[in-house]
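Good morning, and thank you for making time for this presentation. I shall go through one structure with you, from its overall layout to its side-chain details.

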Amino acid sequence: MQGIYAGVQGDGAVTKYTERNRKVALANASNLQGRFLKKVEKTEFCWLWKGKTQAAGYGRIMQFGKILAAHRVSFELHYGPIPPGMFICHICDNPSCVNPEHLFIGTNKDNQQDAISKGRRKKWHHSIEAKQAMRLKVLSRPRDSRGVFI
């Protein structure tokens, strides 16, 4: 089991943990929820993360010495564990948003297609036109007298 409920199954069953450890895990998740909510500013649309962020603007919070992504924590607090390898994507395209209604679970491919469909990313992968465009762009870059790109 991964995420904020380590050791506790979605149905409350204990994996290899004792009942006491299950209660401790749930109490720690509750403590995380309290700390989490103190760092959220709820606006009319988005819930803005006011805690620490990474360079791209995604929120982060510490739990047991690990840095967790705030939007993933929000998803887990509201909907339960995230399956391994799955992404938590934003409908609102706001990296600091932790509103669970603006989050959806998907694969990396889902996330990339969402970005392309919203015009946040160009579809450049593997097309001949893209390769030719890049080649022309590189060839048209100015060079110094030694042929090194400026």
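I begin with a definition: helices (H or I, at least four residues) and strands (E, at least two) are DSSP runs, numbered from the N terminus. Under that convention, Val73 is found in helix H2. Two remarks on the source are needed. The model is predicted, so local features need pLDDT of at least 70 and side-chain atom pairs count only at pLDDT 80 or more, while totals for chains, interfaces and linings use all residues. Residues are numbered from 1 along each chain as its sequence is written, and side-chain values use heavy atoms, with hydrogens and water left out.

Let me turn to the overall layout. The protein has four helices and six strands, and along the sequence they follow the pattern α-β-β-β-β-α-β-β-α-α. Of the 150 residues, 27% are buried, where buried means under 20% relative accessible area, exposed over 50%, and partly exposed in between, with a 1.4 Å probe and protein chains only. By the Shrake-Rupley method with a 1.4 Å probe, for which only the protein chains shown count as cover for residues, the protein exposes about 10200 Å², and carbon and sulfur atoms supply 54% of this area. If contact means heavy atoms within 4.5 Å, then 40% of the contacts with a separation of 6 or more are between residues 24 or more positions apart.

I return now to helix H2. H2 spans residues 70-79 and is mostly covered, with seven of its 10 residues buried. Among them are Ala70, His71 and Glu76. Val73 is buried because its relative accessible area is 2%. Its C-alpha lies 9.8 Å from that of Ile88, a residue 15 positions away in sequence. After H2 comes Gly80, which has a positive phi near 105°.

Next, the aromatic rings. Rings of Phe, Tyr and Trp (its six-membered ring) pair if their centres lie within 6.5 Å; planes under 30 degrees apart count as stacked, over 60 as edge-to-face and the rest as tilted. The structure holds two such pairs. Phe36 and Trp49 have ring centres 5.3 Å apart and planes at 35°, so this pair is tilted. The pair links distant parts of the chain, with Phe36 in helix H1 (residues 19-38) and Trp49 in strand E2 (residues 47-49), 13 residues apart. Both Phe36 and Trp49 are buried. The rings of Phe75 and Tyr79 are also tilted, because their planes meet at 55°, with centres 4.9 Å apart. Phe75 and Tyr79 lie four residues apart in H2, about one turn of the helix.

What joins strand E3 to strand E4? Four bridges do, and the two strands run antiparallel; DSSP must find at least two bridges for strands to pair. E3 covers residues 60-63 and E4 residues 66-69. Met62 stands opposite Ile67 in E4. Ile61 and Gln63 are on the covered face of E3, whereas Arg60 and Met62 are on the uncovered one. The two strands form a hairpin with two residues between them, and Phe64 in the turn has a positive phi of about 55°.

Finally, the cysteines. How many disulfides does the structure hold? There are zero, a disulfide being a pair of cysteine sulfur atoms within 2.5 Å. The sulfur of Cys92 has its closest cysteine sulfur in Cys97, and at 3.7 Å the two are too far apart for a bond.
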